[in-house]
Amino acid sequence: MADSSTLKALDRFGSTQRHDAWWVEIIPALVIFTVFIVYATLRAFQGKYYQWGPYLSPFYSPLIDPQHRWWPFSPAILILGGPAGFRLTCYYYRKAYYRAFVAHPPACAVAEGEHRGYIGERKFPMILQNVHRYFFYLVTIILAFLWYDAVVAFRWPDGFGIGVGTAIMLVNVILLTIYSASCHSLRHLIGGKLDCFSCATFGKPRRAAWRWVTGLNEHHMFWAWISLFSVALTDLYISLVSAGVLRDIRLL
Ligand code: FES
């Protein structure tokens, strides 16, 4: 049994009996989150270079009042809250940014020192994280618009066509859809909350859907990161083409 001085030492910030490099996981999360937040904020507030030919940046979709008839600022600001709230309240991202930004806790089985009294997300303000499922409903609507944009990206003035941007937009919306489909809230909604499938209405199809979502959910972290990269890169590509820095190549 450990004596009191050993227990005290283990209580200091960063103390652990783990022998692996537990901190390695935190650094990429910290850097990527910071870069993404700065980039997405700048782009959303920029209010230009979001459209070119049949392409529309995912940061600006659905495009509301681009002519500034009643909204004088960047149209992206009107819809930014949906995807931002969805990612911020995502169960995986919560774990990642609690660790990366406030070290609360720094990692599993690593002491956080001063930060005592963690009671989960049962009280204000952390209880607000439970709005995640409502953000899921909201981004499902936004996702429908992104699919529409991906289809429109095949429509050129001379008819059907495929450019590099078309392919990028299509891959992006597929990745975003998989990320949403692997959501913990969806898994709960479909069947995670049930104790007995055979007793529930539509139990059989719900079980099949739950198993499918569970398969995606097991890799939720992967889909969260890959879709974050894809949405930023899609916006970057369209902004560079729109600004004349890059030339889009027509593939078909
Ligand atoms: S838990 Fe991550 S998107 Fe829902």
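The crossing of helices H6 and H9 is left-handed. This is a predicted model, so please hear every value as computed from it.

H6 covers residues 164-181 and H9 covers residues 220-242. Their axes lie 9 Å apart, at an angle of about 150°. The cut-off for roughly antiparallel is over 145 degrees, which means H6 is roughly antiparallel to H9.

Now the residues at that contact. On the H6 side they are Val 164, Gly 165, Ile 168, Met 169, Asn 172, Leu 175, Leu 176, Ile 178 and Tyr 179. H9 meets them with His 220, Trp 223, Ala 224, Ile 226, Ser 227, Ser 230, Val 231, Thr 234, Tyr 237 and Ile 238. Sorted by class, the H6 and H9 contact has 13 nonpolar residues, 6 polar ones and no charged ones.

H6 also packs with H5. Here the angle is about 160° and the axes are 10 Å apart, which makes H5 roughly antiparallel to H6. This crossing is left-handed. From H5, the contact uses Phe 136, Val 139, Leu 143, Leu 146, Trp 147, Asp 149 and Ala 150. From H6, the residues include Met 169, Leu 170, Val 173 and Ile 174. The class count for H5 with H6 is 11 nonpolar, 2 polar and 1 charged.

Next, the cores. The largest nonpolar core has 45 residues. Phe 33, Phe 36, Phe 86, Tyr 92, Tyr 93 and Tyr 179 have the most contacts inside it. Elements giving it two or more residues include H2 (26-46), H3 (76-88), H4 (91-102), H5 (132-152), H6 and H9. H5 supplies the largest share, 7 residues.

Take Phe 86 from that list. What does Phe 86 contact, leaving aside neighbours within four places in sequence? The partners are His 132, Phe 135, Phe 136, Val 139, Tyr 179, Ser 180 and Cys 183. A separate core of 7 residues lies apart from the largest one, and among its members are Ala 153, Tyr 237, Ile 238 and Val 241.

Last, the whole chain. There are 9 helices and 4 strands, and from the N terminus the order is α-α-β-β-α-α-α-β-β-α-α-α-α. Of the 252 residues, 40% are buried. Among contacts between residues at least 6 apart in sequence, 68% join residues at least 24 apart. Along the principal axes, the C-alpha atoms fill a box of roughly 80 × 50 × 40 Å.

How values were computed:
Residues numbered from 1 in each chain as written. Predicted model: local features only at pLDDT ≥ 70, side-chain atom pairs only at ≥ 80, totals over all residues. Heavy atoms only, no water. Axes fitted to C-alpha atoms, helices over the stretch in contact; angles between N-to-C directions. Parallel < 35°, antiparallel > 145°, perpendicular 65-115°, else oblique. Left-handed = near helix turned anticlockwise from the far one by under 90°. Contact = heavy atoms within 4.5 Å. Nonpolar A, V, L, I, M, F, W, Y, C, P; charged D, E, K, R; others polar. Core = buried A, V, L, I, M, F, W, Y, C linked by side-chain atoms within 4.5 Å. Buried < 20%, exposed > 50% of the residue type's maximum accessible area, 1.4 Å probe, protein only.
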